[in-house]
Every structure is written in C-alpha cells, then in structure tokens.
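Hello,

Here is the structure we talked about, for you to open and look around in. My notes on it follow below.

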Amino acid sequence: MLIKFPITYDRIFLHFFDIHFLELKGVNKEAKSIKQNIEYECRMATRFAILAANEVLVPAASFFESEVCHRIISEFEELYSFGIIHLVGGGTSLFEYIDDKLTQYASSSHQAKRYHAHQKRLHSHPPFLTRNNSASYDISKGWLDGAENGIFDKLAQGSKFHLPANFKNKWIKAPENLGGQAFIMPHIEPLLFESAAPPTLLNRISGIINEEYFKSFTSEFSSGVLTELCYLAANHLIPSYGPNLPYKDILNELRKNNLIQQIHSATAAELMQMKTNAIFQQSLSAAISRYEERTANIIMEISQTSEDFTAAKIGIITALPKEFAAVCAVLGCGAPISVPGSGAGRRYSFARIQNREGKEHVVAVTFLTDMGNNSAALRAQLLKTHCVNVQHIIMTGIAGAVPNPSKVSDHVRLGDIVVSNREGVIQYDFNKEHLDKIEHRNPPRPPSASLLEAVQLLQSQELLGQRPWDEYIDRAVHKLGEKWQRPSNDKDILKIGLDTIEEVKHPNDAERKAGYPRIFLGPIASANILLKNPVKRDYLRDTFGVKAVEMEGAGIADATWNSEIGYLVIRGTCDYCNSDKGDDWQLYASVIAASYTRAIIEAMPA
Amino acid sequence: MMNESMKKQRIVICGSMAFYNDMVQQSRMLKKEGIDTVIPESDDPFLLSISEESFQDVKLNASMRHLRKIRDHEKTYGILVINKDKHGIRDYIGPNTFAEIAVALAHYKKIYLFQGMPAFYQDELRAWNVICLDNDISKLVNAYKKDMGNWIEEQQLELFDGLF
C-alpha cells in the first residue's frame, strides 16, 4: 500500500451537528445509550476532521442551536484564533446573522431562546465566515427543481401510501408560503398536509430538505464531509464537493494502532501536534485506501445494479462550464457524483425527465475537461463505460452560426438552434492534403434514427404552433438570472467583407418567433479549430451545407459510432465565426441548446 | 398456531445502528401493547478504544448473543427489522441484518419489516414470506395477539378437558 505524507484535506464540513438531524437520531431522547453513542461519534468525527483538514466548517446555526455541537466545538476554543475551525452562515457578521435568525423563529421556540441567550453573551466562538449563498434560497431552488424532475415519484417509490390530492401545488407554493420562516420540517409540514402524513413520507421530505441544506454549504465551500458514520448515518446521501473522511474506516485503523483513546482525550494543542504524527498519518492513509477500494467496488456494483447508473439510457456531454450549468438548470440535475478512480472524466449529474407518455428517462450529464474532438471522443467512451446502458449521447452547447443572408430559410442568426440532421457532423479537418489541393475525407456519421425521429416530431409540432422549448428557456432564464437573458437584437450584427467590412442587414424572416430561437436542421461542421474566419465559414456552408461550426461533434460521432450507439448534436449559436466573435450571446446560447435538448428527451420513447 | 411449549413470547428487533433511535421507539410502542422486546446491544463507546483483538471478541460475542435471542425456540415469536431509508437507499437492510433475517427464517420465526420491501433483496424476502408493515406496527400487534390469544385459548381448553 502506498502511504502518502502528510494527508491533508482542504475543507471538511460537519453536517451532522445540524439540530434537526440530531433530533432525528434521538439526541433529545432520554435513552442514555443513544445520547452517549451519538455524542461520542460527534466528538470523534470532529476530531478526525481537525486532524485531517486544513479547515473545519461548522454551520453557525448548529453551533448556536445545538447544545451537543456547542459543547464539542468549545473543546477547541484555543484553536479559534488559528482559523482551523470556522462558523459559516449568512450576514456580514455574527451579530447580523443572529438578528436575521431571530426573525425566522417564533420567540417561544427553542432556537429563538438559544439565539437570544447567545446574543447577550457572544464572547467565545470560532471565527465567522460569511456565506455568499443563502441556504434558504438553495433549499427552495432544490425543492422547486425537484418538482420539475420527478421528486413525487421518488417520494412514494416502493411504498404503499399515495400522495395527498393537490400535493404538487402545495409543494410548489410551500417556499413562498413559508413567508420568511426557516425552511425546516416543522414549518413545512403544515403547508403540505392537512392531516397526519405517513411517517415514511415525512422522513423522505425531511431528507430532501437536509440534503439541499448540506449541499448549499458543501458546494459553496467545495468541501468534503464525514461519511461511513454509524449512529449518525443519514437516510439520504450527503452531497459532497471534496474528498470525504470515512469515519468507520478511520476508527478501525486507529484501533489497530491503539490511538483511539489518545485522540479522544487529547487537548486541542495535543490534537494539533498529532496532525503530523506518522502513525496517525499511516492510519488515515490506510483508512482512505480501504474506503476508496470499497466505494470503487460499490460503484462497480452500482453501475450494474443501481438506479441512476444503469437506468441512464441517455447521456449528455457539454464542453464548457456554462453549458453544463445550463443543462443542469434546465434538466434539474442532482449533485455531481464522482466515479472512484484516478484522472478526470468521472463526474456525473443525473436527471430524471418524464417523456410525453409519462415514462421516465434517466439522463447522465457530464462535461469535458477541455474543448475539442479528442477530449469529446474520450469522454463519450468513458460515459458509455460508466453508464453501461446508455444508448444515445447528445452533445449540447454553443457554436458559431453559419449565416446565409441571401437565402432566408438558411440564414442562421445569433441565438438560434442548430440540430444535426441525417448528414450529421462534417469533420472538416479530416483531409488528404496534396500540393495543389485539399481533399476532404470526413467519414459519414449519421445521427441515430430514434433521435432524428424525435427531432422530426418536434418539427411537426412546431408547425402546429407547439414549441415546448420556449417555456424551458423562459424558466431557465428566470432561474439562472439576468445574465442568461437573450441579448437585444441590436447585438446581432453580421459583417461581411475582408478589406471593407460592412454590416449586413438581416433579411426579414416570417418564420421567426420574436424573442425566441429559430430551429435549423442541417449538417454541423466540426474540427479542432476555433474558427474566426468568415471565408472558411462560407466555404463550409457552400461545400457541405453546414449551418453551424463547433469543436466536439466529430469526436462524439466517432465514439458513438465505435460503441454502436446513437448521437445528436444540438447547438445554440453565439457568434459568426469571425473577428467579432465575442461572449455576449454565449450564456443565452447555452440555455437554448439545453432547452431544446430537454424537449428532444421528452419526445423520446422510454 | 402456536405449539404447546410456547409461552408469552417476545419480539427481537434488528437493524442498522443508524436506526437505533427507531428501535428504541418501536420497542416502547410494543411494550405499551404488552409485547416484550429485545433490542441489539448498543456499543459502549469506551469499548471502541480497546485492542483490536478484544474488540473483535466483543463484537463477535454481541452478534452471537443477538442471534441466539432470535433463534430461541421458546422465547422468540419473531423479529421486527427496522429498515428505514439509509444513504438514499429505500427500505435499507444491511448485510448483518440480512443474516439475522436468514437465521430467523431457518428457525421458523415470523419476520416483519418496519417499512417497505427493499428492492435489493425483494426476490428472497418475498419467497421467505416476510411481512412489510409500512410503518404500521398495529399489523404486528394484531397478528401477535391473535396467535397468543389462540394459544391462551388452547391452554384454557386443555384445562377444561381435564375436568370433563
């Protein structure tokens, strides 16, 4: 076994101190054995985090609301000035944080009493780290995303109970109806149920709130969490955005080296000295190796048996972070999950999308570490390996538009959508080069029939005036914010000419719906070239009939051809492949491509 | 139908330690109904720091004691498995608990799952006639009282048989 010294984690978030989480575990119950075991686990997990991480993050709410948390964290008072432990919360200072909290709870509540008490004597606490995100906002967002993405099926999954009538409406209105109260189960329950609800349902809803709450912190601070807890294991996964500390494995390794008691009784100063202790480092390394080996096996099992990895029949690959963000927002993806192993290309977010027949598609969404066809081909191959049942891969993102002002039906403008047709992708750097000429040798790679059939279905519906993607665009822009809005038409400037550059007036197009993209079907040019050459662009248009130019489609087409599965390229246009190429349209182009992708998925039979 | 050697019997509660609080709660509920229960021994936190060898002995002995309680021919009526959701897995049953269910099956004990049927083991558990309570402990209470009632009735009839 390879021992690496010293092992340090950047940030570990102590999720388990949350008062509602601890209550579920029975910390307030009179059974002494439960309280004793829970407090022991909390204490040891905190000590492991301090030993292994550069920074330990504690939600300020836990510190003030939970006696157990306050007691255990206070054992490390002498470390407060070193910045090893931080309280995290909203507001510019702890005073502001507490003032804000007091508005969220009834004055008779346990929480309000605790905040009042601390407000009076706020003298000793770990330094406060201000959050940019709001946990309440993030929980509400996750809550509403869930409503769009099959949360109601998941809640009742495998159970005999049914959701009450009008449950979906109540769910959607709940964040607003909270009226500024904290997003916690005691406040949510009466908004959803008029009479007693099934306990399993309540537990699952509580799990959703907790999961979104923890995710709000771990995603903002890119932190890992304690996993493999025993008494403190959660009913849901704890979303993590950094390496995790496996509690039970560490405990087992420390026991072998007779270190448990030493760590349990160490003072704060002694604990700091132990951080570099060779035996501790060996134990930690062995525990992590064991954990990684086991989770790798679990993932291998998961890829054969579990819901998301095996159920995913559609994969989406994006190139840029903005494209990935747009797809996740439009599809309502869950937190990214990493497949254990080494190297890049192991992260997935999953979404569940109901098709028009009411059946569910599980979609695996991922992104490239870098642009280009080589990366794209490699990533498509990895996606197929990790999600063995994937049958279709969609490349979704932005591209250069190929305009044709002299032919309005082919005139692709900024903020339009181009979908690869049966001619697929034209790899225009796949050439034989002679002294006097270049011979294009791009191999034919048509998209799959079933994906093209979905495109045809959407086309026919558009003729009937139905454009479901427009609604997704509106919703996504609303959700993501102003920056993602469609730029005004005066920012869609097309220039022609090389020596004398002049602006070309866009032809009138009766087929366009004002403020929304026009959909074009056609071949898409692809190469490892960032094209800023309008002459070449027009050459590609005149030679191959291409409607957009990008850098990944050919790699996806080759990889899917090799794996004998289908592909489709969906691109939102953001520039004209010329020297004016800018970023103004990129966010909006990402959103429209993602929205049309969702419409395609909904049009696919399950 | 109970056999002659049966006396008032107990329920042995099983499940992951993550559900320890639920085990205690359900044990109290059953006791209120007059049903005796046994729950797994919780770890004494200070035993966690003993030597590896001693720790494994302690764990083995605790497991053996619990398995003996499950298979006890006279004292045990059946097992109640607390199988709530864990780590996002619906109706979670871990490997230890699955082994305990198998022991209960091999000794003809009734097997109740507190929540639903876990997808992972559903073929086996259905074949083993495992009963899902879907959080409704009254199903277990009613079945228990019916069986115990029958047994008491039989005992009383036997007494009368002796008189006539």
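Let's start in chain B: in strand S3(B), the bridge partner of Val12(B) is Ile79(B). Strands here are DSSP runs of E with at least two residues, helices are runs of H or I with at least four, and both are numbered from the N terminus.

Before going on, please note that this is a predicted model, where local features need pLDDT of at least 70, side-chain atom pairs count only at pLDDT 80 or more, and totals for chains, interfaces and linings use all residues. Residues are numbered from 1 along each chain as its sequence is written, while chains are lettered from A and ligands numbered from 1 in the order in which they are written.

Strands S1 (residues 10-15) and S3 (residues 76-82) of chain B run parallel, joined by 6 bridges. They belong to an open sheet of 5 strands with parallel pairing, in the order S2-S1-S3-S4-S5 (chain B); two strands pair if DSSP finds at least two bridges between them. Strand S2 (36-38) and strand S5 (131-132) of chain B each have a single partner strand, so one side of each has no neighbour in the sheet.

Chain A has an open sheet too, of 6 strands with parallel pairing, ordered S4-S3-S2-S1-S5-S6. Its edge strands are S4 (128-130) and S6 (245-246) of chain A. Strand S1 (residues 9-13) and strand S2 (residues 53-59) of chain A pair in the parallel sense over 4 bridges, and Ile12(A) stands opposite Val56(A) in S2(A).

Enjoy exploring!

Best wishes
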